[in-house]
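Reader: I've got the model open and I'd like to go through the labels one by one. Can you show it and tell me what each one rests on?

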There are 2 protein chains.
Amino acid sequence: MTRSVTIKDIARLSGVSVATVSRVINGNGRYSKETEDRVMAVIKENNYTPNMLGKGLRTNKTQTIGIVVPDITNEFFATIVQEVERNLFKAGYSSLVCNTNENPEVEKRYISVLNVNRVSGLVYISGDTRVKHNAPENIPAVYIDRWPSTTRRDIVFIESDNFEGGRIATLEMLQKGCRRIVFLTDERRTSAQRSRQEGYFRAHSEYGIVPDESFIIALKEISYDSAFSAISDLCSRQVKFDGIFASTDWLALGALVALESRGIRVPEQVKIVGFDNISISKHCSTPISTINQDVRKMGEKAVEILLGLIEGKEIDKKYYVLPVELIRRKTT
Amino acid sequence: MTRSVTIKDIARLSGVSVATVSRVINGNGRYSKETEDRVMAVIKENNYTPNMLGKGLRTNKTQTIGIVVPDITNEFFATIVQEVERNLFKAGYSSLVCNTNENPEVEKRYISVLNVNRVSGLVYISGDTRVKHNAPENIPAVYIDRWPSTTRRDIVFIESDNFEGGRIATLEMLQKGCRRIVFLTDERRTSAQRSRQEGYFRAHSEYGIVPDESFIIALKEISYDSAFSAISDLCSRQVKFDGIFASTDWLALGALVALESRGIRVPEQVKIVGFDNISISKHCSTPISTINQDVRKMGEKAVEILLGLIEGKEIDKKYYVLPVELIRRKTT
DNA sequence: GTGAAAGCGCTAACAG
DNA sequence: CTGTTAGCGCTTTCAC
């Protein structure tokens, strides 16, 4: 356990004070070229790296950003994380990724962990609406995908145009003749889910249809299995439907398999549209038509705004909506 | 930007010294029950959380672990991260997940970032063999999946039984009559890939066959696309083969789609076995037979060992091999 | 049982 | 241009 080399060592070795070394490191000027070269040489020679704990303690700033995400295992979220992280890295920040497994308790503890580690900023991807995010009042945060339950007024929210997504997904099926379209959502009623549902209703009203209330199926959780059983159940109960708008590709897949395993033909008898455009929707038995979200743009935008916030910039816009797109495949 | 409450505030508010507060927080004894209660009450009341920077600076210990992973977007790695994180969290550690995108430059910088942040331990999942991991000599590390290129003697390595996996995957096809089996691997020749290849050879030798050298196809990168083009290319060149052992499910999928898009029937004309058992292998057009890795156990084991290492325990075993299992589906 | 004081590594006045 | 100094929040001797 070798004690690591500190700024003091560098100062001693290059015959200057620690203050000067600090200046050189941070490029704060006020030192001669010769000093700079000498110090730099010593630093390189001893491959010294500043201790961020000392630095952070002093400046009350760390170069880390907390990313809170509900399920790293879901490609959709993973891709957002990847994009956020990539952009952050470019800007010299590192990321503390916290995977909450959709568990509010875990999320609460992670928020405290991040707070305690004095992260410079926060990116919440689909934070749980049951978790109050009032804790780190003073640290910049941007929310992606789900509108947070917070009383803070200074937060920024980025989402896809979920309303339009729901609308064009539903329209796609309506146009192709469906008249009894089931909507698969989850019972936590996140903002994204609600908007998609509104889009679903809007599309119907454009066709002069009022969908049966029983077609709105709120699942306990967003998963392949829950969609599978919900649709299986529908079939057993002989409910008549000719379309499924699944608010997630995983739900769409569960629905698809449930249908196919009962010999119901997709898209001939029932059409399906999903949401997210994750790769499984492209490669599954019957490739699923879905709504693409611009994940790349999401990550980019989130980082751009967050860094602005950290630098104390006043943000004029607090709400960003990214366009979505229908990807037509074999289920419609 | 409200200054957060510090140990000093707590001391003042509860009428004791900071030393006593510190003792109470860390349960180091030498304080009366009354003092404890009072201090605890004040802490709760002000919902004080110790500043980990100060603590870490003083103790030279942080409660964070760095997790380095090549591609968070790949469900296989994501699941390992999830398991590692879950177990770490239970033990009171938080995780700094670093996604390198298989880019050695990024990996190098992340290693330095982790070093600089004084993480208490490191979990490398499939670290790049081109990156020398000699930097943080003094910090406990466990490696998963790929044997690292390091000169350190005190590291721990956990992997699946890749040799056996390669062997039973190949055997499955041999048993079902395949005699010309292509092996899809990547050109970086990681330890895992090499072991799988050895298994492939062993299975053949059990059948008294020496596979043609041209059947070993080393891809530039592990991806759906590269497998797709490699197999398409094989078909165009009229190469005769009746089986594909893909060292990854994503490769298996790329191969499968390449075949099916040319009207080659799987498994009738060509059989395929993949590796990892990610969900897409189960749900794709023709569900892929694959080798399951016990990801749960991997994460559990890694954390158990790492925590031991951190506590200074002497580790007797430095190498762990986890059993694998063939999952039979429609491609064989 | 408790407090005073030193110091972890670093930065930012301030003085020169 | 450079050095001295104080102090960020915390733990840990060492006294009492």
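Reader: What makes N60(B) buried, exposed or partly exposed?
Author: N60(B) has 14 other C-beta atoms within 10 Å. A residue is buried if 20 or more other C-beta atoms lie within 10 Å of its own, exposed if 12 or fewer, and partly exposed in between, with C-beta atoms placed from the backbone. So N60(B) counts as partly exposed. N60(B) sits in the loop between α4 and β1 (64-69) of chain B, and its phi is near 60°, a positive value in a residue other than glycine.

Reader: And N277(A), buried or exposed?
Author: Buried, because N277(A) has 25 other C-beta atoms within 10 Å. Phi is positive here too, near 55° and again in a residue other than glycine. N277(A) belongs to the loop between β9 and α11 (279-283) of chain A. As for those element names, helices (H or I, at least four residues) and strands (E, at least two) are DSSP runs, numbered from the N terminus.

Reader: Before we go on, what sort of model is this, and which residues count?
Author: It's a predicted model: local features need pLDDT of at least 70 and side-chain atom pairs count only at pLDDT 80 or more, while totals for chains, interfaces and linings use all residues. Residues are numbered from 1 along each chain as its sequence is written, and chains are lettered from A and ligands numbered from 1 in the order in which they are written.

Reader: Which peptide bond in chain A is called cis?
Author: The one joining V266(A) and P267(A), where omega is about 10°. P267(A) lies in the loop between α10 (249-261) and β9 of chain A. Chain B has a cis bond from V266(B) to P267(B), with omega near 10°, and P267(B) is in the loop between α10 (249-261) and β9 (271-273) of chain B.

Reader: What makes β2 and β11 of chain A edge strands?
Author: The open sheet runs β2-β1-β3-β4-β5-β11 (chain A), with parallel pairing. Two strands pair if DSSP finds at least two bridges between them. β2 (94-99) and β11 (319-322) of chain A each have a single partner strand, so one side of each is left without a neighbour in the sheet. Neighbouring strands are turned by 15° against each other on average, direction ignored. Inside the sheet, β4 (residues 141-144) and β5 (residues 156-160) of chain A pair in the parallel sense over three bridges, with I144(A) opposite I158(A).

Reader: What is the strand order in the sheet with mixed pairing?
Author: That open sheet of six strands goes β7-β6-β8-β9-β10-β12 (chain A). β7 (216-219) and β12 (325-327) of chain A are at the edges with a single partner strand each, so one side of each has no neighbour in the sheet. The twist averages 20° from one strand to the next. β8 (residues 243-246) and β9 (residues 271-276) of chain A run parallel, joined by three bridges, and I244(A) stands opposite I272(A).

Reader: How do you know that the two chains are related by a two-fold axis?
Author: Copies are superposed by least squares on the C-alpha atoms of residues with pLDDT of at least 70 in both. A rotation of 180° with 0.0 Å of shift along its axis puts chain B on chain A, with an RMSD of 0.2 Å. That is the two-fold relation. The same surface serves both copies, as 100% of the contact residues of chain B recur in chain A. Contact here is two residues whose C-beta atoms, placed from the backbone, lie within 7 Å.

Reader: How many residues does each chain give to the contact?
Author: Chain B gives 37 residues and chain A gives 38. On the chain B side, α5(B) has the largest share, seven residues.

Terms used. Axes fitted to C-alpha atoms, helices over the stretch in contact; angles between N-to-C directions.
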